[in-house]
Every structure is written in structure tokens, then in C-alpha cells.
Amino acid sequence: MTSPPGSPQDAPEADDASRVLRRVFGYGSFREGQREIIDHVVAGGDALVLMPTGGGKSLCYQVPALVRKGTGVVVSPLIALMQDQVDALTALGVRAGFLNSTQEHEERREVEAAFLAGELDLLYVAPERLRTSSTLGLLDRGVIALFAIDEAHCVAQWGHDFRPDYLALSALHERWPDVPRIALTATATEATHAEIATRLNLGGARHFVASFDRPNIQYRIAQKREPRRQLLQLLRTEHPGDAGIVYCLSRASVEKTAAFLAENGVQALPYHAGLDARTRAAHQSRFLREDGLVMVATIAFGMGIDKPDVRFVAHLDLPKSIEGYYQETGRAGRDGLPSTAWMVYGLQDVVQQRRMIDASEGDAAHRRRLSSHLDAMLALCETVECRRVHLLAYFGQESGACGNCDTCLTPPETWDGTIAAQKLLSAVLRLRRERGQSFGAGHVIDILLGRETDKVVQHGHASLTVFGVGTELNESEWRAVVRQLLAQGLLSVEGDHGTLALTDASAEVLARRRQVPLRRDPERTARAGSAARGSGARRPSPAADLPEEAVPVFERLRAWRAVVAKERGLPAYVVFHDATLRQIAADSPSSLAELGQVSGVGESKLAKYGEQILDVLASGDSPVQDALEF
Ligand code: ADP
Ligand code: ZN
């Protein structure tokens, strides 16, 4: 068995961890938080780890599993990704296998035999397997280095598919009291945190809360005008040829957006729950394996996808909560290179989401919760402060203005919207007096602008005192006013038709007891991007910032990688990350020893690919083709 925590004579040396990091993964240093977690688990302690998506959770159990005696057992609900995870570890020379329901009997037997013979460093197991006596019996007969419980929030979320299986994991502790357990999640609310600890019987575990900042991601939120065109503009100007994810709310808009991008020369694939399982799996696999594909998806896509070179995540519709938004945007830039989180949102999003909340099943408390999530999201959209400060504050972490978000790069102007708000609210107040009628934002704005539309004429609204009093603003400015009043809780929407209604707080504005500062939408949505470039900030592309002479070398290395990945049937990033190829191109090592110093080049990859890479580097000015003939 493993040594008890703190027994000095056979406890592994703390610095075994650094050696494994260097030798196996090829990394020179730990990321923030990793070192403490790894040392704690290596010494036999239980841990509950909160780290943002892309923060580097996997190493927190992979390194201890390699340092400690026996096999690290990883519980993960993401069956479809287990093969990829095992392939990626195998490429690093780590002995890994998995047990789940997709396997043939024979294949399972081989994995079990390897485990019993002590020939596995890591074993991935689907949570439902751990409820069967055969799996438990199997684990009893081998040596377990640790249990890692990935996506641990599954245990805390009501209605989560995997919840019953996760709840059963609390029994691991009783069966194997001496084996350390490490539970990991990117879900950060206090309530979830506490529930994970209770449900998984992790009362004595040390809690590690990493910084939730992802500094290489540039956050931007723009006003929605023509969302697909705006997206295309972003892709053409800032992310040509880059891999990325575009999130849409509905299946229909996923299909339309993917088709639109394809028509405009962007390689894009749709992904949503309405596609059959084979098509979904095929699209996911292409996204992981090919360079530069854009996945257009509903939120059904992305959990557990650890493709490191996703250069942008775009939202064409407003996410339902900041937590969801942060998990989704966190899928950009895991490799630490500059990446973009971009979103467009408009009044229609607010109306639509309110309607969905009203129509949702569940009790009043549930609807209140959904509402407060939406309010927090809207506050992020309308803030005039740094987006990152706002996001991190949501997760209870303090920070200063980041210099790498749209409001930092192009500070929005504010203006005194008190009078405009009064005009709008009094129009809404007058319309409310007509019972049984529903008037949405469009109609209210028509009245303020003095437009004699059919509806205005039909209802005699041209005779209202507010008719035509708002010509100082144009239609889009009025829509921005409505949106912001909704975000500030000074207005609400009701019913199926998005009828505007007053709130308790509206009265204060109408009674002139409250000022209403508003944000002025920047003229053009692309501004933040051009400002970023203008101010010398890095353009988020893998070749950017390389010295000029290194760019063709980098491109040759990528071409070489594409060939190798294809031959071996692996995703390109499993061969090497972009970040590693960049570093090789920049350093231009001339020997295997020098190459081995580059971050991301471990022993196994050095042995496998070292000579080929030196050949690619040495092929200098000769055409790419020459470099590829191995
Ligand atoms: P998470 O599971 O927290 O979302 P991952 O474990 O997938 O994140 O890690 C994200 C990326 O960061 C991976 O591509 C991983 O190889 C890389 N990474 C993790 N730790 C380090 C490190 N210490 N140095 C360099 N890269 C790292
Ligand atoms: Zn900022």
C-alpha cells in the first residue's frame, strides 16, 4: 500500500514532481497553484481543487499518479473523450488505459490485466463502473496511487445526468481510507464548493482555490447588429485560419450560422443535440484533429474538450449565466497564447431570455435564481468598468483593470440618461393603462420618435403626450436605453410579446429622485480589435510576435506536424502544441539536448520526433516539400 501521509522514510521526494514535469511533460515550471496541490496529494492528502477551465487541472492528478506507487484512478463522465485522453498520455510515454461501456470484452480484459500487473500509471473509469462489484473487486486486487474525481460539480447539480453515479463515489473513502482523493472542478460558487465537500465525504480535504483569471484571453462584448456579419468580420480581420468555437442558443441558428460561414469560405461545422450521435462524434473528432476548424454549437458542445489551440470563443446569443459564459470562454487559449472571447448581444436577447425564464418549469424560487443569473450577466454586458475585474469579482476575487478587454482598451463614454429614461418610462406607464394590450419595445420607440405606424394610428397613440418627444435619439440609441434600463432593473419585460412594464425602482426615476447614467455604445463594434492592434497589443494568432525570420520556420514545423498527425491518426496538438512549435522556431535549437530544453518537449517526444524536427529546422530555405520527405 501507499505510505501514510507524512511518513518521511518512504514518502516520495517532493522534487520527484518537478522531475516528472520536466521529463514526461517537458514543462519547465508549474502553473499557479499546481505545485501546492501536487505536493499535498503526493504526500497522501485529500484535496478539493477549484481552477478555471484551461487552468491546468489535469497535471494536478497526473503528476502525483506518476510519482506515487500504483495506478491513478481517474473518474470522468466524459466517455467519448477517454480514448483521446489515453492517446495523448501514450504520446507522452505514460502508460494509460480506460474502462467504460464502449469497450469490447477483450479490450476490457487487457486493460484489467495491465492494471493488475502494475503496468498502468493512469486508469480512466466511467463513474457508473465504480458502482459495479466487479470493478470494485478489480481495484481491490491492484495498487491504487490516488483517486481523481474530475468534473466534481456533477455531484452537486440537481438533475445532472451523472449525479447518482457521482453520489455513490462517497463510498470510495470507506473502502480505501488510505488512498488520497482529489476532486476537481471549474465551477466556483461557494454553494457548489460546499456541496461537493459534503457529498463526496471530503470533510478532511484541503481546499485549493486557484486564481480564476485567464490573462491571455481578451474579453469583448459588442452590440448586436448583424451578428453573422459581425462574426465574419472578426474571423477575417483577427482570426483567419484559426480554430474556434461559436456558441448559439438554438439548433436552427447553429445550422444557419455554420452554413453562412461555409458560404463565406470559413471551414465550419455544426454541433447540437438534434444531430445524430455519429455525426456529432465525427464533427467533434474533426474539430480536434484538423487545424483551423470552426465549430458552431449549442452549449451541448465543449465539456472536457481540451484542445489547447482554440484561438477564439464567440457568443452570438447571451449566455444564461456568468458561470456558463466563463466555462465556455475558458475553452479558448489553454496553451496560454493570446485568444479572444467575443460576444454580441442586444435587446432581443434580454426579451427572449426573460420569456424563457417565465415559461420555465420549476417553482418560483427556481425562476428567481434564473433571473438573478441573467441579471448578473446583463450587468457584465453593460458595465463601464473592466470586464475582467467584473468577472473575477463574480467569483469572489479582487483584481485591477486588466488592459486586455474592450472597456480597458476603448473606455466607453457615459452620458446622463435621466431625462431619456423618464420619457421612456412615462410612455410605458401610459400604455399600461390600456388593459389586455401588449406593447413591446418597438412600439414604445415608435411613439417616442413620433412615427405614425398602423399600430400607432389604430390605437390612437398619436394623441399621447409622449408622442414624438424623443427625437433627440435615434432608434438604435433608444434600443440601447431600453436594454440598459432592463439591465439596471428599472424596467422589466412580461409575457409572450415582450411587453415592457415598470418595476418598483421605475417610480424613483419618474419622481426625479434617481439619476440614470448610461453607457454610450461605441460607433463600430470592431473598434476594440483595432484599438488592440493600434496600441501594440498582440494579435491573437499563433505566428504573431515571432521574429520575422522564425515565421517560415514555424509554418514548416506546422506542415510537418500535420503530416505526422495524419499518419498516426492523432490530433495535431497531441504531437506538439502550437506554443511548443513557436518556441522551437524562435530558439532554433541545433542539437537534441537543446531541443529537449524547449517547454513541451518531454523525453518520449524527443526520442520519437527529435531528429525529424532538427531536419525540418536544417532544411532552411529549401521548399516545404523537401522537409516533409521522411
Ligand atoms: P483544465 O483541465 O484545468 O481545463 P488542462 O489540464 O487541460 O486544463 O490544461 C490546460 C492546458 O495547459 C493543457 O494543454 C496543458 O498541457 C497545459 N499546461 C498545464 N500545466 C502546464 C504547465 N505547468 N506548463 C505548461 N503548460 C501547462
Ligand atoms: Zn479590462
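Which domains does the domain assignment of the protein give? The assignment lists domain 1 (16-209), domain 2 (217-412), domain 3 (414-520) and domain 4 (548-628). The model described here is predicted. Between domain 3 and domain 4, the C-alpha centres lie 60 Å apart.

The donors are Cys386 (SG), Cys402 (SG), Cys405 (SG) and Cys408 (SG). Their distances to the metal run from 2.3 to 2.4 Å. The 4 donor atoms subtend angles of 102 to 119 degrees at the zinc ion. The arrangement is tetrahedral because every angle falls between 85 and 135 degrees. For four tetrahedral donors, the ideal angle at a metal is 109.5 degrees. Along the sequence, the donor residues of the zinc ion follow the spacing C-x15-C-x2-C-x2-C. Cys386 lies in the loop between α15 (364-382) and α16 (387-394), and Cys405 in the loop between α16 and α17 (406-409), so this pair ties together parts that are 19 residues apart in sequence. Both Cys386 and Cys405 are buried.

A search of the whole structure finds 10 aromatic pairs. One of them joins Phe147 and Trp176. Elsewhere, ring pairs connect Phe212, Tyr219, Tyr326, Tyr394 and Phe395 into a cluster.

Lysine side chains also meet aromatic rings. Lys307 lies over the face of Phe287, at 5.4 Å from the ring centre. In another case, the charged end of Lys605 sits over the ring of Phe576. The distance from the ring centre of Phe576 is 5.4 Å.

Asp446 is part of helix α19 (residues 441-448). Its relative accessibility is 14%, so Asp446 counts as buried. The cut-off for this class is under 20% relative accessible area. Asp446 is in contact with Arg451, Thr453 and Val456, when its neighbours within four places in sequence are left aside.

Two residues stand out by backbone angle. Glu151 is not a glycine, yet it has a positive phi of about 50 degrees. Glu151 is found in the loop between β5 and α7 (163-167). With 14% relative accessibility, Glu151 counts as buried. Asn201 is likewise not a glycine and has a positive phi of about 60 degrees. Asn201 occupies the loop between α9 (190-199) and β7 (206-209). Is Asn201 buried, exposed or partly exposed? Asn201 is partly exposed, because its relative accessible area is 31%.

How values were computed. Residues numbered from 1 in each chain as written. Chains lettered and ligands numbered in written order. Predicted model: local features only at pLDDT ≥ 70, side-chain atom pairs only at ≥ 80, totals over all residues. Heavy atoms only, no water. Donors = N, O, S within 2.8 Å, 3.2 Å for Na, K, Ca; no water. Tetrahedral: all angles 85-135°; square planar, octahedral: opposite > 155°, others 65-115°. Helix = DSSP H or I, 4+ residues; strand = E, 2+ residues; numbered from the N terminus. Buried < 20%, exposed > 50% of the residue type's maximum accessible area, 1.4 Å probe, protein only. Domains from an automatic or database assignment. Phe/Tyr/Trp six-rings, centres within 6.5 Å; stacked < 30°, edge-to-face > 60°. Lys NZ or Arg CZ within 6 Å of the ring centre and 35° of its normal. Contact = heavy atoms within 4.5 Å.
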